[in-house]
Amino acid sequence: MNASLENFEQSREGSTQASMANFRKMISNSAELQEQIRNGTDMVELGRKNGFFDILAELRLIQRSREFSAKAAAEREYGG
């Protein structure tokens, strides 16, 4: 990989990490957003509504993980 492409990748990764940190901070500072997430609000849509367009793919992964975890917990509880 050439140096400029490597620098771009590192810059993008740093930007993504900063955006994720800002998204988490936004949620931790808002009881309303925390309640929305507890009630199953789609995190991708929440990110989109709040301008976090650069991390939508990461939010999709988190959303899928939450859905999988909830489904697995329900299967364990109900023997599904």
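In what order do the elements of the protein run from the N terminus on? They run α-α-α-α. The count is 4 helices and 0 strands, taken as DSSP runs numbered from the N terminus (helices: H or I, at least four residues; strands: E, at least two).

**Before you click.** This is a predicted model, where local features need pLDDT of at least 70, side-chain atom pairs count only at pLDDT 80 or more, and totals for chains, interfaces and linings use all residues. Residues are numbered from 1 along each chain as its sequence is written, and side-chain values use heavy atoms, with hydrogens and water left out.

**Colour by confidence.** pLDDT is the predictor's confidence in each residue, from 0 to 100. The protein averages 82, and 82% of the residues score at least 70.

**Show the surface.** The protein exposes about 5900 Å² (Shrake-Rupley method, 1.4 Å probe; for residues, only the protein chains shown count as cover). Carbon and sulfur atoms supply 51% of that area. Of the 80 residues, 22% count as buried; buried means under 20% relative accessible area, exposed over 50%, partly exposed in between (1.4 Å probe, protein chains only).

**Select the core.** Pick Met20, Phe23, Ile27, Leu33, Ile37, Met43, Val44, Leu46, Phe52, Ile55, Leu56 and Leu59. These 12 residues are the largest nonpolar core, a set of buried Ala, Val, Leu, Ile, Met, Phe, Trp, Tyr and Cys residues joined through side-chain atoms within 4.5 Å. Helix 1, helix 2 (31-38), helix 3 and helix 4 each supply at least two of its residues.

**Zoom to the rings.** Which residues form the aromatic pair? Phe23 and Phe52, edge-to-face, at 5.3 Å centre to centre and 80° between the planes. Rings of Phe, Tyr and Trp (its six-membered ring) pair if their centres lie within 6.5 Å; planes under 30 degrees apart count as stacked, over 60 as edge-to-face and the rest as tilted. A search of the whole structure finds 1 such pair. Phe23 sits in helix 1 (residues 3-28), Phe52 in the loop between helix 3 (43-49) and helix 4 (56-78), 29 residues apart. Both are buried.

**Move along helix 1.** Select Thr16, which lies in this helix. Why does Thr16 count as buried? Because its relative accessibility is 10%. Beyond residues up to four places away in sequence, Thr16 touches Ile55 and Glu58; contact means heavy atoms within 4.5 Å. Next, Met20. With neighbours within four places set aside, Met20 is in contact with Ile55, Glu58, Leu59 and Ile62.
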